[in-house]
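This briefing covers selected residues and helices, grouped by topic. Please look over the sequence and the model before reading on.

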Amino acid sequence: MAVAKVLGIETEYGITVPGVPEANPITASSSLINGYLAQLAGRTSWDFVDESPGQDARGFSVDTGGNIELETHLVNAVLTNGARLYVDHAHPEYSSPECRTPREATLYDKAGEEVMRRAMAGVAALNPHGPAIVVYKNNSDRKGNSYGCHENYLMDRQVPFGRIVTELVPFFVTRQIVVGAGKVGSEAPGVSIREVPFQLSQRADFFEEEVGLETTLKRPIINTRDEPHSDSQRFRRLHVILGDANLSEVATWLKLGTTAMVLAMIEDGELEDLGISIVDPVGSLRRLSWDPTLKATVTLADGRTMRGLDVQWAYRERAERWLDRFGGEALGGDDEAHAILEEWTDVLGTLERDPMSLADRLDWVAKWSLVQGYMERHHLDITDARIAALDLQYHDVRPERSLQRRLRMRRLTTDEEVARATTEPPPSTRAYFRGRCLARFPSQVAAANWDSMIFDVGSDPLRRVPMMDPLRGTKELVGTLLESVGSVDELLEALGA
Amino acid sequence: MAEREQVRRSGTEREEEAEEVSTQSAASSDKLKAEIDDILDEIDEVLEDNAEEFVRNYVQKGGE
């Protein structure tokens with residue numbers, strides 16, 4: 001039986017200091033996060049004891065060295081909404097709290113954008129005469145440098161990893177036709193903008209392997225990082241590095257919702273006889289991305305060819321059957337699961353008939369509409385710098401500069417909900433316990449991690465509260481207790497910790 | 001075999017669905033076009049002043 005798809009998104013934001021091109025991005029990222037933290041009362045450091053990015057799901061381990069950890073120690077905070085905000089390499093990164101439904105995870109992803117907006121304002125407030133810092137929610141600088149937007153999904157450890165790969169790759173190769181964020185030109189070596197004027201995905205150019213542990217070079221379609229941040233006997237955390245950072249709420253929701261559904265289907269054995277095996281997944285990923293007419297096909301191991309849309313339809317058919325048989329509990333309930341299936345169906349149908357009419361729902365379509373409209377109006381060539389600027393500025397997080405925001409695309413959230421989600425945790429995962437402890441006892445939380453909290457209760461040794469089950473520590477389970485205790489001592493005593 | 005039957009069935013369903021919604025889709029398509037035109041009217045005020053320099057200076061170190 002599929003386990004609850006506890007899920008979330010980590011986004012590395014692009015960062016610039018306009019007028020200071022030589023600015024150090026690590027310093028700028030630190031300043032940005034400090035700008036945000038300065039507005040908050042307290043801060044808590046992240047605890048690295050259980051981090052092991054070198055652990056491989058295929059059952060071995062790679063030494064990643066100490067550099068990365070050292071760098072990430074620069075600025076690192078846990079927020080009262082349960083998220084983690086830190087400097088990762090040369091980028092500010094927001095890791096959303098664990099959420100219980102794709103819709104909730106979409107809200108907390110949007111909350112990350114709001115955190116970035118407040119961080120920019122915080123920088124300006126701290127240093128009114130200094131240069132501004134500007135962030136972009138995209139995945140490439142159009143010069144061959146890419147940074148990630150990673151999704152995470154809780155899975156049942158019992159499902160053999162090899163089966164996940166076989167049954168997931170065709171879905172991953174093709175989901176970009178729905179959830180790509182769009183890009184002008186290509187960054188694949190030797191591919192000119194004449195050959196690829198516009199493509200569906202920000203990231204397809206950067207993938208070189210089908211399966212692997214790397215995230216920064218030789219990027220794989222399926223990443224094998226095996227850090228469950230939970231009970232490793234029961235769970236795995238599927239770390240997905242393939243996706244684009246979406247601005248569209250519908251696209252974000254579909255990305256999370258359809259992927260979570262496919263993973264639940266794999267756990268329930270619904271896809272074991274799907275019979276779709278793509279020859280050359282990496283080449284196919286690019287070919288599909290490079291064709292916004294959606295006519296490109298992939299070749300299957302049995303000799304058939306299918307369009308990306310055909311592959312998506314095949315998964316959708318199975319999703320309908322799976323939902324009838326198993327219900328939508330894995331996605332947080334029947335309503336959510338049916339809504340996802342309905343939107344997925346509608347979007348695939350519209351992609352068949354009139355893809356450009358999805359400009360109010362899908363990022364790549366919205367951007368492509370803007371690019372084409374602007375080119376026509378000013379009689380520009382695709383190589384014009386203004387088109388490249390438009391491509392970047394679609395992702396500008398500043399409300400007054402964001403082109404995506406001007407499009408007034410369909411929303412699933414309200415500004416009020418997003419603002420609330422920057423400080424309040426989701427109620428239905430352990431993020432609730434993490435966030436509320438931080439809000440109530442900020443000075444006594446010595447450190448926090450995804451799967452534990454460490455409290456400082458004064459003269460005694462530090463006390464560690466393990467949180468190995470992502471579905472414990474919810475509002476339902478600990479809400480009353482957390483709001484009724486008067487001190488950390490009382491809390492720890494009640495928890496038996 | 002079952003697989004192929006299922007694909008064919010969904011193909012017919014898709015066509016039926018397509019007919020039903022084509023009228024309403026045309027209307028929303030026009031509305032979208034008008035909205036994009038509105039944005040194009042004001043886009044030059046929003047786009048960075050020196051596009052060439054902006055694009056050139058947008059350099060990121062890799063991440064992840």
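A:Met261 is buried, with a relative accessible area of 0%; buried means under 20% relative accessible area, exposed over 50%, and partly exposed in between, with a 1.4 Å probe and protein chains only. The model is predicted, so local features need pLDDT of at least 70 and side-chain atom pairs count only at pLDDT 80 or more, while totals for chains, interfaces and linings use all residues. Residues are numbered from 1 along each chain as its sequence is written, chains are lettered from A and ligands numbered from 1 in the order in which they are written, and side-chain values use heavy atoms, with hydrogens and water left out.

- A:Met261 is found in helix 6 of chain A; helices (H or I, at least four residues) and strands (E, at least two) are DSSP runs, numbered from the N terminus.
- Contacts of A:Met261, not counting residues up to four places away in sequence, are A:Ala319, A:Trp322, A:Leu331, A:Ala337, A:Ile340, A:Leu341 and A:Trp344; contact means heavy atoms within 4.5 Å.
- Between the C-alpha atoms of A:Met261 and A:Glu114, which are 147 residues apart along the chain, the separation is 28 Å.
- Two packed helices are described by the angle between their axes and the distance between the axes.
- For helix 3 (residues 102-126) and helix 6 (residues 249-267) of chain A, the axes come within 9 Å and cross at roughly 135°; axes are lines fitted to C-alpha atoms, for helices over the stretch in contact, and angles run from 0 to 180 degrees between N-to-C directions.
- Helix 3 and helix 6 of chain A are therefore oblique to each other; angles under 35 degrees count as roughly parallel, over 145 as roughly antiparallel, 65 to 115 as roughly perpendicular and the rest as oblique.
- Residues of helix 3 of chain A that meet helix 6 of chain A include A:Pro102, A:Arg103 and A:Asp109, and those they meet include A:Trp253 and A:Leu256.

**Helix 16 of chain A**

- Helix 16 (residues 488-495) of chain A has A:Val488, A:Leu491 and A:Leu492 buried.
- These residues cover an arc of only 95° around the axis, which puts them on the same side of helix 16 of chain A; the arc is that of the directions from the helix axis to the C-beta atoms.
- Their cover includes helix 14 (431-440), strand 17 (452-455), strand 18 (463-466) and helix 15 (475-484) of chain A.

- A:Asp88 is found in strand 5 (residues 84-88) of chain A and is buried, at a relative accessible area of 7%.
- A:Thr16, in strand 2 (residues 14-16) of chain A, is buried at 11% relative accessible area.
- Residues touched by A:Thr16 include A:Ala132 and A:Tyr136, as well as B:Tyr58 and B:Gln60.

**Loops and positive phi**

- Most residues other than glycine have a negative phi.
- A:Arg142 has a positive phi near 70°; A:Arg142 is in the loop between strand 7 and strand 8 (149-156) of chain A and is partly exposed at 24% relative accessible area.
- A:His229 has a positive phi of about 50° although it is not a glycine, and A:His229 is buried at 8% relative accessible area.
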